[in-house]
Amino acid sequence: MKAISFIFILFFGLLLSSCTRNVEINVKELTDQVQIDNLQKSGIRGIPFPKSSKAMRVKDDVTDIILPDDVFFIAKILSGENAGQVINTSVARVTCSCTKGSGCSPVVYSGNYYCVMNSGCTACSMSTSANKNNESLQIVGIIDTRNPVKFFAKQESRFTVKEVSVPNQYFISEDFFKNEYVKNEINNIYKFIYGENIPEFIKTNSNEIPDGYGYVKANFFGNEIMFPIEKKNAFMDGIALDFTLASKVSCNCSKGSGCKLGSILGTKYCDAGGCTVCKLIDNAD
């Protein structure tokens, strides 16, 4: 009889435990101004959490972020035999750990997912891994194909968009551009602009661009990137693009530190580093 009771209790415990796992949770929006200020000062980068994303609880401190269809993370593998590869993944496993005290909870702020301290916790950390093999990941960007590539201009058309109409932009780093999908799409844009005659300075990623060339900012699947173009050809559908001289391109950090101008594959971008509010400045003519 005791054996039967033990089996029943064990079964009930496993059943109860399974009911708390793989359940979608509602991640609250961070509204406490003190916590927001601390988050921005910390320089901690959140994990992109675009609209229609889901958070599935795996266990108390572990959550799987599942992105909507047509959206995926660009992530660098930090551990295991695949370390160094930059992959696409639609799921990221996030662990919120309180290392001093107890209580470290997930929140969403400004379109990103964070871990913040509750009243009983004085040190809270966030780590990311692949949900299948637990390889450590660093999220280096996101691709949202629901936001097609469009160039910034004063009017909207098939290929242009007003900067004020662009949704929240995500942070990227140099590793973002090492992803095969990203490289292929950038090359497709160059073919769209130049055909088969892509200038040599783009192929060599030279910072010395010819006279008459400058940059135009684009919304690249939810990311701000600038592409080089000849001023006389800075038009799409007859609409003048927001053309900028190379000397006027810069990055500005208003919260945290970092936000350095980078150049790769001929493009210009801002590597946020420890900056939580990083802006690509174009000073368009």
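Q: Which residue stands opposite K54 in β4?
A: I66 does. Keep in mind that this is a predicted model.

Q: How do β3 and β4 run, and how many bridges join them?
A: Strand β3, residues 54-59, runs antiparallel to strand β4, residues 62-66. Five bridges join the two.

Q: What sheet are they in, and what's the strand order?
A: An open sheet of five strands. The order is β1-β3-β4-β7-β10, with antiparallel pairing.

Q: Which strands stand at the edges?
A: β1, residues 23-25, and β10. Each has a single partner strand, so one side of each has no neighbour in the sheet.

Q: By how much are neighbouring strands turned against each other?
A: By 35° on average, with direction ignored.

Q: Switching to disulfides. How many does a search of the whole structure find?
A: Six.

Q: What pattern do they follow?
A: Counting bonded cysteines along the chain, it goes 1-4, 2-5, 3-6, 7-10, 8-11, 9-12.

Q: C121, buried or exposed?
A: Buried, at 5% relative accessibility. C98 is partly exposed, at 23%.

Q: Which cysteine does C104 pair with?
A: C124. Their sulfur atoms are 1.7 Å apart.

Q: And the torsion there, what is it?
A: About 40° around the S-S bond of C104 and C124, so this disulfide is right-handed.

Q: Which strands does that pair link?
A: C104 sits in strand β8, residues 104-109, and C124 in strand β10. They are distant parts of the chain, 20 residues apart.

Q: How do C104 and C124 come out on accessibility?
A: C104 is buried, with a relative accessible area of 13%. C124 is partly exposed, with 23%.

Q: What's the S to S distance for C259 and C278?
A: The disulfide joining C259 to C278 has 2.1 Å from S to S.

Q: What hand does that one have?
A: Right-handed, with 80° about the S-S bond of C259 and C278.

Q: Where are the two ends?
A: C259 is in strand β19, residues 250-264. C278 is in strand β20, residues 267-281. The pair links distant parts of the chain, 19 residues apart.

Q: And their burial?
A: C259 counts as buried at 6% relative accessibility. C278 is buried too, with a relative accessible area of 19%. The cut-off is under 20%, so C278 at 19% falls in the buried class.

Q: New topic: F72. Which strand is it in?
A: Strand β5, residues 71-77. F72 counts as buried, at 15% relative accessibility.

Q: What does F72 touch?
A: Leaving out residues up to four places away in sequence, F72 touches L67, N88, T89, S90, I142, I143 and Y181.

Q: How many residues separate F72 and N88 in sequence?
A: They are 16 residues apart in sequence. In space, F72 and N88 are 6.1 Å apart, C-alpha to C-alpha.

Note on methods
Residues numbered from 1 in each chain as written. Predicted model: local features only at pLDDT ≥ 70, side-chain atom pairs only at ≥ 80, totals over all residues. Heavy atoms only, no water. Disulfide = S-S within 2.5 Å. Buried < 20%, exposed > 50% of the residue type's maximum accessible area, 1.4 Å probe, protein only. Helix = DSSP H or I, 4+ residues; strand = E, 2+ residues; numbered from the N terminus. Pairing = 2+ DSSP bridges. Axes fitted to C-alpha atoms, helices over the stretch in contact; angles between N-to-C directions. Contact = heavy atoms within 4.5 Å.
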